[in-house]
Amino acid sequence: MSVFTISGIKQKWNNYWYSENSAYAMFFCRVAIGLMTLIAITTKGWSWNFDEIINNLTTYSPKGILAFFGSEVPSPMFFKTLQIVCITSCISLIVGLYSRVSAFTLAISGLLLIGFFESVDKVGYWGHGFNLDALAIIAFMFANSSQKFSVDNLLNKYVFKKKVDYTDNVYSSRWPVLFLQFVVAACIFNAFFWKMYNSGIWWALSDNLRLLLAVQYPIALGQDFPSYILPIVNNEWVYKGLAVGNFIGQLTPMLACLSVSYAHLPSPRDRQK
């Protein structure tokens, strides 16, 4: 079967993510999560002055796993240490050094830092700015991602002279990939669900998207519309078309997760024969 047919492309795609080749998919996910979290922490959180923030707090309502530390805000040194642990874990995960430990420490330190961001000077529920970051590191925190292109693999092979057979770990590779895809798709689908629940298809066929852009720039940011936004807000067909595209983009990842064909994949029982 040619790989350039629809069936051929689908087969290649499924083989990459869900068959024995999922070890390569794990490598891709490992690097992507490490880079995503590193960028989020260094761009959004590295400039946080914890001494100044904590000393000038007006409200503190601990959210996420930070709530286990009680109602009193931890010391600035606690969060500074978390920053170092999180960034070190990101780098270790990217290169595949102590991959399992790095994934776990990255998840815990990352969730605590995100929890701090959502807990200070805010009233109400958890925001959604860090949702994808948080869900991705939770889904990956117990993953065994060192099978391909990792320092762990090189150390086992050339330093410790330890031969590791990853053939039997195909299924331990597959579940984090599936889980990671599902939680990210579910986060995006959540936005689609609430749009449909509150407004139905009329959310896309009204001027909702245009109003969101108006709130974002002139009101929230106090800025004029950028030149590339003006053709959108001034053309009904464009902003409604983009709103329909927004619906489709938020729905299709979940449909893709639910429509994967597993018929061609061997079962664990088949592999033992």
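A nonpolar surface patch of about 680 Å² is formed by Phe-104, Ile-108, Phe-142, Trp-175, Phe-179, Phe-182 and Leu-258. Patches here comprise residues with over 30% relative accessible area and no salt bridge, with like charges joined within 9 Å and nonpolar side chains (Val, Leu, Ile, Met, Phe, Trp, Tyr) within 5 Å; a salt bridge is a side-chain nitrogen of Lys or Arg within 4 Å of a carboxyl oxygen of Asp or Glu. The model is predicted, with local features needing pLDDT of at least 70 and side-chain atom pairs counting only at pLDDT 80 or more, while totals for chains, interfaces and linings use all residues. Residues are numbered from 1 along each chain as its sequence is written, and side-chain values use heavy atoms, leaving out hydrogens and water.

Helix 5 and helix 8 each supply at least two residues of the patch, and helix 8 gives the most, with three. Phe-104 is part of helix 5 and counts as partly exposed because its relative accessibility is 36% (buried means under 20% relative accessible area, exposed over 50%, partly exposed in between; 1.4 Å probe, protein chains only).

Turning to the overall fold, the protein chain has 13 helices and zero strands, where helices (H or I, at least four residues) and strands (E, at least two) are DSSP runs numbered from the N terminus. Buried residues account for 37% of the 273 residues in the protein chain. The accessible surface of the protein chain is about 16,100 Å², and 65% of this belongs to carbon and sulfur atoms; areas come from the Shrake-Rupley method with a 1.4 Å probe, and for residues only the protein chains shown count as cover. Among contacts (heavy atoms within 4.5 Å) with a separation of 6 or more, 73% are between residues 24 or more positions apart.

Inside, the largest nonpolar core holds 40 residues, of which Ile-33, Phe-79, Leu-106, Leu-113, Phe-116, Phe-140 and Leu-180 touch the most other members. Two or more core residues come from each of helix 2 (22-45), helix 3 (50-55), helix 4 (76-95), helix 5 (99-119), helix 6 (131-140) and helix 8 (170-198). Such a core is a set of buried Ala, Val, Leu, Ile, Met, Phe, Trp, Tyr and Cys residues joined through side-chain atoms within 4.5 Å. Leaving aside residues up to four places away in sequence, Leu-113 touches Ile-41, Trp-48, Phe-50, Phe-79, Leu-82, Gln-83 and Cys-86.

Finally, the structure holds zero disulfides, a disulfide being a pair of cysteine sulfur atoms within 2.5 Å. For Cys-90, the nearest cysteine sulfur is that of Cys-86, 4.5 Å away. Cys-90 counts as buried, at 0% relative accessibility, and Cys-29 is buried at 7%.
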